[in-house]
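Trainee: Please pick one part of this model and take me through it closely. I would like the cut-offs as you go.

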Amino acid sequence: MKDERLPPAAERLRAWLEFYDELGLTPLYRRRRSDAPASEASVPQRAATLPVPAAATFVSAAPTPPPLTLSLFEEAPPRREHESLEQIRAELGECTRCKLSQHRRTIVFGEGSSHAQLVFVGEGPGAEEDAQGRPFVGRAGQLLTHWIESLGLKRSEVYICNVIKCRPPGNRTPERDEIETCSPFLFRQLESLRPKLICCLGSVALQTLLGKSVSITRVRGQFFDWRGLKLFATFHPAYLLRNPGVQREVQEDLRRICQFLG
Ligand code: URA
């Protein structure tokens, strides 16, 4: 039954809320202005936000949507309480959420300082990492350690992790379903750390965090926004080992990181 006492705007709003509710699209919220993306690149496509569907996707009989400026929508969706890395690790458990669990020896969660200002995100563990349960301890890892030290930091002062936490057979590139299953744990690690800078090593890390396909060659050396944090991208150290010709670009990127961290 309609409530005749409601003013027309409130009545239209209620009709819309009921309409969304019937479609199962609850709860609604409006992004705070301060949370708005600085650029297109700052919108992770898989962000855990519920987009308000465009009116054009609905049947024409539906009422016109009210402008989403009402205080009712002012709050962002409830965020998790601050989680510690230990809590996230505990929830991951002896993960069997994807097929990579069948072949791995060890889950490589990540390591470093929980107060790190700088976080490196790689692709996924290789053979050495799988054996030791630590990220970046093989040849590419030695090079990454060298990069970190060239920034005037120790490995223990940064945090190092990967998009996926289990080694893919034969070190193949992680598959989409594996990334989709594992990356929420990475996102939670980054939210827990909230560093001054996240440095993506290579395109898998960059594309996972940006939620879209981008060329590392085109965007390396650039800064992006990720959930209110700064994101940077450079080549994966394994790529540099195979392509020594990009050494100069990597040095330039390290200089930018150094400058940014101050
Ligand atoms: N390559 C990665 O991307 N991550 C590691 O941990 C090791 C090598």
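Mentor: Start with helix 8, which gives the largest share of the lining of the second largest pocket, four residues. Before going further, note that this is a predicted model: local features need pLDDT of at least 70, side-chain atom pairs count only at pLDDT 80 or more, and totals for chains, interfaces and linings use all residues. Residues are numbered from 1 along each chain as its sequence is written, and side-chain values use heavy atoms, without hydrogens and water.

Helices are DSSP runs of H or I with at least four residues, numbered from the N terminus. A pocket is an open set of points on a 1 Å grid over the protein atoms alone, where a 1.4 Å probe fits, with protein on both sides within 12 Å along at least five of seven lines. Lining residues have an atom within 4 Å of a point. Grid points are joined across faces, edges and corners, and a volume is the space filled by probe spheres set on the points.

The volume of the second largest pocket is about 660 Å³. Its lining has 30 residues, with Glu123, Ala140, His236, Ala238 and Arg242 closest to the centre. At least two lining residues each come from helix 3 (127–132), helix 4 (139–150), helix 6 (203–210), helix 7 (216–219) and helix 8 (237–242). By class, the lining has 13 nonpolar, eleven polar and six charged residues. Here Ala, Val, Leu, Ile, Met, Phe, Trp, Tyr, Cys and Pro count as nonpolar, Asp, Glu, Lys and Arg as charged, and the others, Gly among them, as polar.

Now the ligand. The second largest pocket is where the ligand sits, meaning that more than half of its atoms lie within 2 Å of the grid points. Around the ligand are Gly122, Glu123, Gly124, Glu129, Pro135, Phe136, Asn162 and His236, each with a heavy atom within 4 Å. That shell divides into two nonpolar, four polar and two charged residues.

Next, the polar contacts, pairs of N or O atoms within 3.5 Å. A polar backbone atom of Glu123 lies 2.7 Å from an oxygen atom of the ligand. Gly124 places a backbone N or O atom 3.0 Å from a ligand nitrogen atom. The side chain of Asn162 has an N or O atom 2.7 Å from a nitrogen atom of the ligand. On its own the ligand has 240 Å² of accessible area, and the protein covers 91% of that. Accessible areas come from the Shrake-Rupley method with a 1.4 Å probe.

Notes:
Polar contact = N/O pair within 3.5 Å; in protein donor to acceptor, adjacent residues only side chain to side chain.
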